[in-house]
Amino acid sequence: MDKTVSLKDGTELRIRFVTRDDLDRLLAFFRALPEEDRQYLRGDSTKREVVERRIQDMEAGRVIRLAALDGDQIVAEGALELAGHEWTAHVGELRLIVARAYQRRGLGTLMARELYDQAAKHKVEQIVTAMMRPQVGARNIALKLGFREEIIVPQHVKDRAGRIQDLILMRCDLEALWREIETAFTLSDWQRTR
Ligand SMILES: CC(C)(COP(=O)(O)OP(=O)(O)OC[C@H]1O[C@@H](n2cnc3c(N)ncnc32)[C@H](O)[C@@H]1OP(=O)(O)O)[C@@H](O)C(=O)NCCC(=O)NCCS
């Protein structure tokens, strides 16, 4: 997967699979994120060994990873984690993070669309996404993309600052997601500039 996309304001970016050569670019991306946005990431992605492990998981086929690039700089990263065991082999987990300067310009939606496409190719039937209660942006984009809140586990996870938070698990089946996202594109002015 390697394509050029246009944001709502016409900025052209490239979205492609992450490769091993991206290790330093990914590190630079994660290290530049504001503490506030890094707060809810699962590992400390500012550490080389953590990013290295993510690349290994990708190479082993456990995760599909996409990056959006502005020139040579990574400005967003998205992942579809494949469960890989029988009970949940049909389920994929979506994770998305966009650099501050690129947020609210449609990039999260474009990345999600590419990840749905990958999910369909890998025969994933349901996509889940998990977040902590304060992640208002993440919740809103998920609702817009057809996810529905399924489970709230009160006081279940800790953010990177060690504060206990509610976990919100959202889910959607892929067919419904496609319907929602096509509607979102059709209704938007952005459709014309895409
Ligand atoms: C969540 C995230 C991936 C969204 O990416 P994005 O590129 O900004 O998403 P889009 O521009 O495609 O937004 C799609 C829709 O999601 C909703 N949304 C996105 N960010 C939002 C925010 N901060 N607050 C409220 N709604 C938001 C809006 O409905 C938006 O549509 P609109 O801009 O036309 O109103 C991105 O903000 C991110 O990486 N955040 C990191 C940290 C995080 O989780 N923050 C949450 C706390 S605010």
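**Notebook: sheet, helices and core**

I note that the model is a predicted one.

Entry 1. Strand E2, residues 12-17, is antiparallel to E3, and four bridges join the two. On to the next pair: E3 and E4 also run antiparallel, with eight bridges between them. Within this pairing, I found Leu 69 bridged to Ile 74 of E4. The hairpin formed by E3 and E4 has two residues between its strands, and Gly 71 there has a positive phi near 65°. I then checked burial along E3 and found seven of its eight residues buried.

Entry 2. I traced the strand order next. The sheet is open, has eight strands with mixed pairing, and reads E1-E2-E3-E4-E5-E6-E8-E7. Which strands stand at the edges? They are E1 (2-6) and E7 (148-158); each has a single partner strand, so one side of each has no neighbour in the sheet. I recorded an average twist of 25° from one strand to the next. Helix H5, residues 136-144, packs on this sheet and touches E6 (126-132), E7 and E8 (164-173). The direction of H5 makes about 160° with that of E6.

**Entry 3. Helix H3.** I compared the length of H3 (residues 48-59) with expectation. At 1.5 Å a residue, its 12 residues should span 16 Å, and the end C-alpha atoms are 16 Å apart, so the two agree. I then listed the buried residues of H3: Val 50, Val 51, Arg 54, Ile 55 and Met 58. Viewed down the helix axis, the buried residues of H3 fall within an arc of 140°, and they therefore line one face of the helix. The general rule I had in mind is that an α-helix has 3.6 residues a turn, so residues three or four places apart point the same way. What covers the buried residues of H3? I found that the cover includes helix H1 (23-32) together with strands E3 (63-70) and E4 (73-82). After H3 comes Gly 61, with a positive phi near 85°.

**Entry 4. The nonpolar core.** I turned to the largest nonpolar core, which has 46 residues. Those with the most contacts inside this core are Ile 15, Phe 30, Tyr 102, Leu 107, Tyr 116, Ile 127 and Phe 147. Helix H4, residues 107-121, gives the most to this core, contributing seven residues. As general background, nonpolar side chains in soluble globular proteins tend to be buried together.

Entry 5. Most residues other than glycine have a negative phi, and I searched for exceptions. Arg 104 is one of them, with a positive phi of about 65°. Where does Arg 104 lie? I located Arg 104 in the loop between strand E5 (91-98) and H4. Is Arg 104 buried or exposed? Arg 104 is exposed, its relative accessible area being 80%. Gln 155, which is not a glycine either, has a positive phi of about 50°.

Notes:
Residues are numbered from 1 along each chain as its sequence is written. This is a predicted model: local features need pLDDT of at least 70, side-chain atom pairs count only at pLDDT 80 or more; totals for chains, interfaces and linings use all residues. Side-chain values use heavy atoms; hydrogens and water are left out. A nonpolar core is a set of buried Ala, Val, Leu, Ile, Met, Phe, Trp, Tyr and Cys residues joined through side-chain atoms within 4.5 Å. Buried means under 20% relative accessible area, exposed over 50%, partly exposed in between (1.4 Å probe, protein chains only). The expected span of a helix is 1.5 Å times one less than its number of residues. The arc is that of the directions from the helix axis to the C-beta atoms. Contact means heavy atoms within 4.5 Å. Two strands pair if DSSP finds at least two bridges between them. Axes are lines fitted to C-alpha atoms, for helices over the stretch in contact, and angles run from 0 to 180 degrees between N-to-C directions.
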